Amino acid sequence: MFGWTVMRIRGRSMSPAFENGDFAIAQYLPREANLYIGDIVQVDHPDLGLIVKYIATVSPSGVRLIGAASSSIDPHATGKIPRERVLSRLVWRIK
């Protein structure tokens, strides 16, 4: 069984899926876990630190991310993220 964690959402880039101050239950992902377009994931971004975004595309070389809100950082600015930087999948929102 994979590990679980509770995290607090900071910021508004994932609104309305997650609002600033919400909590989320997330499942840690092993490197071999399948990723899917539309998954909401926590990523250790090399420049931005820990961020939460939707997966926009999946390829063997990594994933591209997108936020939910129009104020979210541009997907081109986050770049392609290597699979090993995807830490967990958010599965439940707690308001």
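# Close-up views of a predicted model

**View 1. Strands β4 and β5 run side by side in the antiparallel sense.** In this predicted model, strand β4, residues 49-59, pairs with β5 through five bridges, and the sense of the pairing is antiparallel.

**View 2. Six strands make up an open, antiparallel sheet.** Stepping back from the β4-β5 pair, we can follow the strand order across the sheet, which reads β1-β2-β6-β3-β4-β5. The edges are formed by β1 (4-8) and β5 (62-66), each of which pairs on one side only. On average, neighbouring strands of this sheet are turned by 50 degrees against each other, with direction ignored. As a reminder for reading this view, strands of a sheet pair through backbone hydrogen bonds, and they can do so in parallel or antiparallel fashion.

**View 3. Arginine 93 and aspartate 22 meet in a salt bridge.** This is the place to begin a tour of the salt bridges, of which the structure holds three. The two side chains come to 2.6 Å, N to O. Arginine 93 belongs to strand β6 (residues 86-94), whereas aspartate 22 sits in the loop between β1 and β2 (23-28), so the contact ties together parts of the chain that lie 71 residues apart in sequence. How accessible are the two partners? Arginine 93 is partly exposed, at 28% relative accessibility, while aspartate 22 is buried, with a relative accessible area of 6%.

**View 4. A salt bridge joins aspartate 39 to arginine 89.** Here the side chains are 3.1 Å apart, N to O. Strand β6 contributes arginine 89, and the loop between β2 and β3 (40-45) contributes aspartate 39, so this pair ties together parts that are 50 residues apart in sequence. Are these two residues buried or exposed? Both aspartate 39 and arginine 89 are buried.

**View 5. Arginine 85 and aspartate 44 form a salt bridge.** The N to O distance between these side chains is 3.6 Å. Arginine 85 is found in the loop between α1 (75-78) and β6, and aspartate 44 in strand β3; the pair links distant parts of the chain, 41 residues apart. Arginine 85 is partly exposed, with 27% relative accessibility, and aspartate 44 is partly exposed too, with a relative accessible area of 31%.

**View 6. The largest pocket has a volume of about 270 Å³.** Its lining is made of 16 residues, and those nearest the pocket's centre are Arg10, Ser13, Leu50, Ile51 and Val52. Which strand gives the largest share of the lining? That is β4, with four residues. Strands β1 and β4 each supply at least two residues of the lining. Sorted by class, the lining holds seven nonpolar, five polar and four charged residues.

**View 7. Tyrosine 36 sits in the loop between β2 and β3.** With a relative accessible area of 47%, tyrosine 36 is partly exposed. Look across to isoleucine 55 to complete the picture: the C-alpha atoms of tyrosine 36 and isoleucine 55 are 6.9 Å apart in space, and the two residues are 19 apart in sequence.

Terms used:
Residues numbered from 1 in each chain as written. Predicted model: local features only at pLDDT ≥ 70, side-chain atom pairs only at ≥ 80, totals over all residues. Heavy atoms only, no water. Pairing = 2+ DSSP bridges. Axes fitted to C-alpha atoms, helices over the stretch in contact; angles between N-to-C directions. Salt bridge = Lys/Arg side-chain N within 4 Å of Asp/Glu carboxyl O. Buried < 20%, exposed > 50% of the residue type's maximum accessible area, 1.4 Å probe, protein only. 1 Å grid on protein atoms, 1.4 Å probe; cavity = no way out; pocket = protein on both sides within 12 Å on 5 of 7 lines; lining within 4 Å. Points joined across faces, edges and corners; volume = space filled by probe spheres on them. Nonpolar A, V, L, I, M, F, W, Y, C, P; charged D, E, K, R; others polar.
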